[in-house]
Amino acid sequence: MNDQPHPSPDTERSTHCLVFGASGYIGGHLVPLLRARGHRVRASARNPAVLAARGREGVELVAADALDPATLPAALAGIEVAYYLVHSMAAGRGFARLDLEAARNFAAAAAAAGVGRIVYLGGLAPATATSEHIVSRRRTGEVLREGPVPVTELRAGIIVGPGSAAFEVMRDLVYHLPVMITPRWVQSLSPPIALDNLLYYLARIPWVDASAGRSFDAAGPQQLTYAEMMRILAETAGRRPPWILPVPVLTPGLSAYWLRLVTAVPTDIARALIGGLRHDFHADDAELRRLLPQRLLDFREAVAAALDAERRTAVISRWTEGALGARQQRPDYAYYAKRLRVSAETSADPAALWRLLAAIGGDNRYYCCNALWSLREWFDWAIGGPGRSRGRRHPQQLRAGDRIDHWTVIGLEPERRLTLGFGMRAPGAGMMEFEIEPRGPGRARLTTSGYWHPAGVWGLLYWYALEPIHRLVFKRLTREICRRAERETPGIDALASTQDKR
C-alpha cells in the first residue's frame, strides 16, 4: 500500500465510519485500510454473511440496502463519515433508475442520522457522454449533493487492480486472444489509476476540510489508449502483446455480446462498460494532488503491483470473487466466475444435512447420478488426469486440505458450508459449494453452487456445453441429500420443492 509521508489532514482523528457497499470491489479493500488507520468501522452489505466470511475482526457488520429505506437508520446511527460505494450496474437494464432512487434514500437517511460527511466514489464523465453507466454515476453524485450533508466526490476512470472489471476484461483478452478484431473503442483515451493510489485518496480525503462539498478527478499520471494498456499489460505479465485490428462495424451492442463470448466478465457489467469505453476520458486532478500529494504509479507499475498482490494472496476477496488460490495459482484463469446455483427447502435437521455432506465421495459416492460421475472420471483418467483416484482420509470426518476423490476441501464450516475444489483436467478452475441455511423452527435450505473460472474461450465453451448437465446433476443431488436427511430426522416431512436460481 502507498503509505508515504503526506500532509496531516486538518482534523484527522479516530472517527466512526460507515462503508456502505463493503462487499464490493473498493469497499472490500477500504474496510481493513480504515481499520488499520485507527478508525471505528461499520461495514454494510445486503448480505452481511459475505462480509463475515472475510473475517472482519474489529469491524461491525450490518445488513442494509439503499433501496429499502427502513434498513438505513440502523446502518447510519452514530456515523460521522459515510462512504457511499454502491451502484446497480449488475442489475441489468434500468439500473440508472435504481441508482438514483438509492442515492435519494441514502441522502435523506444520512441527514436524519446527523452524518457529518458523505464520500462518494463516482466516475469520470465527459460532458458529451450519453452512456447510461456514465450518466448514472454523474447523476448519483448530484442527487447526493441535493441533501444537506456535505458530499466529497472522487471521480475515477479505469482502476488498475485485480477484480476491477475493466482491468479483468483487458487481462482476459491479453491472455487468450493473440489476435483481436476489436471495436474502435480500443483507441479511446483514459487516465488509469492504480488501486493503491485511489485507496490512498479515499482513506484520507474526509479529514481534509477543503474537500467538503467538492468534487475531484482522481487519475494516474498517464493518458493511454486501451490498445496501449493491453500491450503494456501483456509485456508486464510476460506475454506476447496481442495483434489488434480495430474495425468500425462493431456497435456497442455487438461489442458487449463479443465480450460475453470471449471473457468471463458478467454480461450486464460488460454491457455497461462498453457504453462508457466509447469516450475519451480526461482528468484534471491538480487540486486533489495538491491536497493529498503522493507518488502516482504509472500503468506498468500499477499492473505489476496488481499481479504481485495476487501472488501474495493480498486480494481482499472471498474465493468465489477470484482469489488466485481459487484459480489454481493461474493468473490466466478468469477472475470472475461463471455460476450455477440450485436450492431446496427441507424439514431436515441441519446436523443431518451436514452428516451427509461430510460423508460425500469415497465409498459413499455422490448419492445420485453416479453413472455420470463415473463417466467423467473415466474420461479424465483416459487423458492422464486423476479422475479414478478415489478415496478419503476418513469416511465421515473432514478437515481443510483433505482429498475426497478428485476434490480438495478448501473450506468448511460445520453445519453451514462445505467448499470443494475441482481436481480433474479441464480448461479452467472449478469449485462446488454446499450451504446450509436455517429457515426457522424445523426448516432449512440447502444450496448447491458451482463456480467456474474459465481459461479463455475454451474454458467458456466447456462451461456452456456442460452447464445443462451440471444443472440437472446439482438439482438431483440437492434433492437427494435433503430426502436422505429427512429420513434421519424422525417425524418430519419435506416442506418444499427445489427451485433454481443463477
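1. In this predicted model, Asp332 sits in the loop that runs between helix α12 and strand β14 (338–346). With a relative accessibility of 11%, Asp332 counts as buried, because the cut-off for that class is under 20%. The side chain of Asp332 is joined to that of Arg330 by a polar contact of 2.7 Å, and, once residues up to four places away in sequence are set aside, Asp332 touches Tyr175, His176, Pro454 and Ala455.

2. Helix α12 itself covers residues 299–311, and its 13 residues reach 18 Å from the first C-alpha to the last, which is close to the 18 Å expected at 1.5 Å a residue. At the start of α12, the backbone nitrogen of Arg300 has a side-chain oxygen of Asp298 within 3.2 Å.

3. Which residues of α12 are buried? They are Phe299, Ala302, Val303, Ala306, Leu307, Ala309 and Glu310. Viewed down the axis of α12, these buried residues fall within an arc of 155°, so they line one face of the helix. An α-helix has 3.6 residues a turn, so residues three or four places apart point the same way. The elements that cover the buried residues of α12 include β7 (159–160), α6 (165–176), β10 (193–194), β12 (224–225) and α8 (226–236).

4. Helix α8, which is one of the elements covering α12, has buried residues of its own, namely Tyr226, Ala227, Met229, Met230, Ile232, Leu233 and Ala234. Just after α8, the backbone at Gly238 adopts a positive phi of about 80°.

5. A separate point concerns the second largest pocket, which holds about 490 Å³ of space. Its lining is made up of 21 residues, and of these Trp373, Arg376, Tyr462, Leu466 and His470 lie nearest the centre of the pocket. At least two lining residues come from each of α14 (370–382), β18 (428–438), β19 (444–454) and α15 (456–487), and α15 gives the most to the lining, with 7 residues.

6. Pro150 is placed in the loop between α5 (132–145) and β6 (151–156). Is Pro150 buried or partly exposed? At 33% relative accessibility, Pro150 counts as partly exposed, because this class lies between the 20% and 50% cut-offs. Although Pro150 and Ala212 are 62 residues apart in sequence, their C-alpha atoms are 5.8 Å apart in space. Leaving aside neighbours within four places in sequence, Pro150 is in contact with Gly116, Arg117, Ile118, Ala212 and Gly213.

Methods
Residues numbered from 1 in each chain as written. Predicted model: local features only at pLDDT ≥ 70, side-chain atom pairs only at ≥ 80, totals over all residues. Heavy atoms only, no water. Helix = DSSP H or I, 4+ residues; strand = E, 2+ residues; numbered from the N terminus. Expected span 1.5 Å × (residues − 1). Buried < 20%, exposed > 50% of the residue type's maximum accessible area, 1.4 Å probe, protein only. Arc of directions from axis to C-beta. Contact = heavy atoms within 4.5 Å. Polar contact = N/O pair within 3.5 Å; in protein donor to acceptor, adjacent residues only side chain to side chain. 1 Å grid on protein atoms, 1.4 Å probe; cavity = no way out; pocket = protein on both sides within 12 Å on 5 of 7 lines; lining within 4 Å. Points joined across faces, edges and corners; volume = space filled by probe spheres on them.
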